[in-house]
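Hello,

I am passing a structure on to you, and I hope you enjoy looking through it. Please open it alongside this note.

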Amino acid sequence: MTPLLDSALDGSDPFEGTKYRSLSILGKGGMGAAHVVEHRLLGTQFVCKVMRGRHRNNAAVADRMRVEAQSLARLVHPNIVKVFDFDFTQDGRPFIVMERLEGHTLGHELRTRGELPTREAIDIVSQLLSALSAAHVLGIVHRDVKLENLFLQRTAHAGPVLKVLDFGVAKIMEGISDAAPEPPQVPTRAGAIVGTPRFLSPEAAQGKAVDQRADVYSASVVLYMLLCGRGPWDEASSHASVFSAQANKAPTPPSRYARKVISSDLESIVLTAMSKEPEERFQSAKAFEAALMTVAERLGDSPQLPESAKLTLQSKQPMPIGGAASPGTLRISDELETKTAIPFAKHQLTIGAGAVAKRIVTFAISAALSALATWWCLATIFRR
Ligand SMILES: Nc1ncnc2c1ncn2[C@@H]1O[C@H](COP(=O)(O)OP(=O)(O)OP(=O)(O)O)[C@@H](O)[C@H]1O
Ligand SMILES: [Mg+2]
């Protein structure tokens with residue numbers, strides 16, 4: 001993660017007078033700015049998301065941050081960022097204090113590496129779906145599931161862990177759980193479009209009411225992008241054409257874009273989760289996750305990359321999202337992927353290449369033997 005600014009904001013630290021001191025800004029969004037901060041007495045670092053100054057007098061935005069903080073506080077889950085505190089700056093702006101994660105967003109990962117091996121993509125999306133299930137049980141719909149709100153936390157011994165960030169536009173569905181936070185005082189205007197165009201469910205893109213199945217749709221777009229290195233609507237050049245594609249256009253099957261083998265069952269899972277009608281999707285994040293687990297089980301353990309392969313991956317040129325690499329370039333990860341996908345290829349093709357070669361050799365030997373036998377018979381007959 002690259003801080004935008006390395007000093008404490010030209011002396012204008014929004015946390016002046018609080019327990020925290022700003023060290024740098026990580027990013028600025030519509031409602032807030034994320035800062036790396038240090039606890040003045042303990043010296044420990046956190047990330048604080050503070051409401052932006054231009055919303056200072058906007059009670060509705062402040063209340064949204066209260067909903068975000070309370071949602072995160074209730075969602076204690078290994079794949080959701082932890083919240084520690086909620087407070088106000090001296091000029092009355094709310095801020096949320098969270099654990100500081102080391103790593104980078106999934107957007108960064110995809111821009112750097114291009115499409116991911118199938119098993120890795122499934123593992124990441126399963127973690128996402130597990131986090132979303134926990135939120136949905138409480139009646140919390142995230143509504144902005146996208147690559148930049150998903151963080152890959154580096155861990156010392158195991159692989160990266162996915163952490164869901166940014167419940168800034170979460171919807172609280174009433175009557176689902178008593179443990180849910182109080183819904184925002186100013187509800188979202190009817191017909192308003194909330195979320196990020198390329199990840200929006202068709203119902204959200206049309207300003208209709210959404211429930212947990214909208215998150216299922218957005219998670220399927222994330223999976224599509226991880227498998228293909230591009231999104232389903234990358235050709236669309238305006239928000240209007242993205243909205244229209246979300247609502248009306250059938251997505252191109254991922255197997256047409258991915259450079260690795262996508263099994264037919266994985267493809268049908270992605271396309272089911274991406275159905276236009278919420279009733280035709282997986283009805284819950286849990287059901288989507290269970291379907292992915294059946295594919296993961298058949299794929300077996302994640303492939304262990306040899307050291308040489310790791311070096312190739314690290315030194316690879318970044319591939320821009322939306323631009324497929326030239327079909328002629330085969331990466332080592334693709335080779336491993338193809339091997340991993342053999343169990344699926346088997347039932348589609350019935351016999352593999354090795355078996356075909358064996359059969360050709362057997363056929364050639366038996367043809368030669370029968371030609372020899374025929375020649376011997378004819379020679380014996382004509383000698384007589
Ligand atoms: N706890 C964290 N640890 C490390 N980096 C973080 C953390 N929280 C946020 N970030 C970084 O800051 C960026 C912005 O954070 P976040 O998505 O929560 O806010 P936002 O998009 O600016 O918010 P909003 O759109 O609600 O105003 C993230 O994409 C991520 O790179
Ligand atoms: Mg965000």
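Residues are numbered from 1 along each chain as its sequence is written, while chains are lettered from A and ligands numbered from 1 in the order in which they are written. Please keep in mind that this is a predicted model, in which local features need pLDDT of at least 70, side-chain atom pairs count only at pLDDT 80 or more, and totals for chains, interfaces and linings use all residues.

**The strands at the start**

Helices (H or I, at least four residues) and strands (E, at least two) are DSSP runs, numbered from the N terminus. Two strands pair if DSSP finds at least two bridges between them. Strand β1 (residues 20–28) pairs with strand β2 (residues 32–39) in the antiparallel sense, over 7 bridges. These two form a hairpin with 3 residues between them, and serine 22 stands opposite valine 37 in β2.

On to the next partner: β2 is also joined by 7 bridges to strand β3 (residues 45–51), again antiparallel. Here alanine 33 stands opposite valine 50 in β3. The hairpin of β2 and β3 has 5 residues between the strands, and glycine 43 takes a positive phi near 80° in it.

**Around ligand 1**

A residue is near a molecule if its C-beta atom, placed from the backbone, lies within 6 Å of it. Ligand 1 has 23 residues around it, of which Gly29, Met31, Leu101, Asp166 and Gly168 come nearest. The elements that give two or more residues to this shell are β1, β2, β3 and β5 (94–99), and β1 gives the largest share, 3 residues.

Ligand 1 lies between domain 1 (7–98) and domain 2 (103–182 + 190–300), because both give residues to the shell. The domain bounds come from an automatic or database domain assignment.

**Two residues with positive phi**

Asp166 comes up again here: its phi is near 60°, a positive value in a residue other than glycine. Aspartate 166 is in the loop between β9 (161–164) and β10 (171–172). Aspartate 166 is buried, with 23 other C-beta atoms within 10 Å; the cut-offs are 20 or more for buried, 12 or fewer for exposed, and partly exposed in between, with C-beta atoms placed from the backbone.

Arginine 143 is not a glycine either, yet has a positive phi of about 70°. Arginine 143 sits in the loop between β7 (140–141) and β8 (150–153), and counts as buried because it has 23 C-beta neighbours inside 10 Å.

Best wishes
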